[in-house]
Amino acid sequence: MRAAAVWPYHRAQVAGERRVEALNGFVRGIDALNDWVGRTVAWLTLGCVLTCFAVVVLRYAFSVGFPWLQELYVWQHAAVFMAGAGYTMLHRGHVNVDVLYGPASERRKAWIDILGTLLFLFPWLAVVAATSFPFVTSSWGIREGAATADGMPAVYLLKSLLWVFCALLFLQGLALIVRRGLYLAGHALPDRDARPVTDERA
């Protein structure tokens, strides 16, 4: 009788551990995705500098200009900020209101992260995605090209970065909620970094 009573408890415990492990895997997967995307697009900052340098040298040293080259560094700049937003959130590089967040206990910080994501980040991303929908789809519909002669082609790809931005930030927001929820439930999953990438208090 005692073994029969223990068995359902054991099954429930195993099922709970599997759910926690699945959630951990979900968070780690999103973290890995945004980390890879962020580190990849970060190289475009170097490309932006080199492209801008080339534009200046060609224009002022050789009186030569290429419209596509001038637009290229704008594309690179946009890709870094739009596709790298999830990476910045992952590594806690976005601004917190430290007057409220800084002195709070870890449990209160967890609740602030969860509620802030649900009440502010997700609605804002929904607005951005909804308002940009006709903007992006119409660009794809006509396969929008450069507005100037010899400019960068496939402008619809540049505009699609709005959706990439929303998707990556949404996923990282979900990961944050799950991570903080696990902490509140007693299954703490360490942050990707021990310290944020930007910390003016350091």
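Lysine 109 is buried in this predicted model, with a relative accessible area of 16%, a value that falls under the 20% limit for burial. This residue takes part in a salt bridge with glutamate 106, in which the closest N and O atoms are 3.8 Å apart. Both partners belong to helix H5 and are separated by 3 residues, about one turn of the helix.

Of the 202 residues in the protein, 32% are buried.

Side chains of opposite charge can pair when their charged atoms come close. The structure holds 6 salt bridges, one of which is the pair of glutamate 106 and lysine 109 described above. Another salt bridge joins lysine 159 to glutamate 144, with the closest N and O atoms 2.7 Å apart. This pair links distant parts of the chain, as lysine 159 is in helix H6 and glutamate 144 is in the loop between H5 and H6, 15 residues apart. Lysine 159 has a relative accessibility of 16% and therefore counts as buried, whereas glutamate 144, with a relative accessible area of 22%, is partly exposed. A further salt bridge is formed by glutamate 21 and arginine 28, whose closest N and O atoms are 3.9 Å apart. Here glutamate 21 is partly exposed at a relative accessible area of 49%, and arginine 28 likewise counts as partly exposed, at 42% relative accessibility.

Aromatic side chains were examined next. A pair of aromatic rings is described by the distance of the centres and the angle of the planes. The structure holds 5 aromatic pairs. In one of them, the ring centres of phenylalanine 122 and phenylalanine 170 are 4.8 Å apart and the planes stand at 45°, so the pair is tilted. The two residues come from distant parts of the chain, phenylalanine 122 being in helix H5 (residues 106-141) and phenylalanine 170 in helix H7, 48 residues apart. Phenylalanine 122 counts as buried at 15% relative accessibility, while phenylalanine 170 counts as partly exposed at 38%. Another aromatic pair is made by tryptophan 124 and phenylalanine 165, whose ring centres are 5.7 Å apart and whose planes are at 90°, so the pair is edge-to-face. This pair, too, links distant parts of the chain, with tryptophan 124 in helix H5 and phenylalanine 165 in helix H7, 41 residues apart. Tryptophan 124 has a relative accessibility of 45% and counts as partly exposed, whereas phenylalanine 165, at 11%, counts as buried.

An aromatic ring is also involved in a contact with a charged side chain, as arginine 143 lies over the face of tyrosine 156, at 5.7 Å from the ring centre.

Phenylalanine 66 is placed in the loop between helix H1 (2-62) and H2, and with a relative accessible area of 36% this residue is partly exposed. Although phenylalanine 66 and glycine 151 are 85 residues apart in sequence, the two are 8.0 Å apart in space, C-alpha to C-alpha.

The second largest pocket was also described. This pocket holds about 150 Å³ of space, and the residues that line it include Leu44, Trp75, Met152, Ser160 and Val164. Three helices, namely H2 (67-83), H6 (155-159) and H7 (161-184), each supply at least two residues of the lining. Helix H2 gives the most to this lining, with 4 residues. By class, the lining of the second largest pocket comprises 9 nonpolar and 2 polar residues, with no charged residues.

Conventions. Residues numbered from 1 in each chain as written. Predicted model: local features only at pLDDT ≥ 70, side-chain atom pairs only at ≥ 80, totals over all residues. Heavy atoms only, no water. 1 Å grid on protein atoms, 1.4 Å probe; cavity = no way out; pocket = protein on both sides within 12 Å on 5 of 7 lines; lining within 4 Å. Points joined across faces, edges and corners; volume = space filled by probe spheres on them. Nonpolar A, V, L, I, M, F, W, Y, C, P; charged D, E, K, R; others polar. Phe/Tyr/Trp six-rings, centres within 6.5 Å; stacked < 30°, edge-to-face > 60°. Buried < 20%, exposed > 50% of the residue type's maximum accessible area, 1.4 Å probe, protein only. Lys NZ or Arg CZ within 6 Å of the ring centre and 35° of its normal. Salt bridge = Lys/Arg side-chain N within 4 Å of Asp/Glu carboxyl O.
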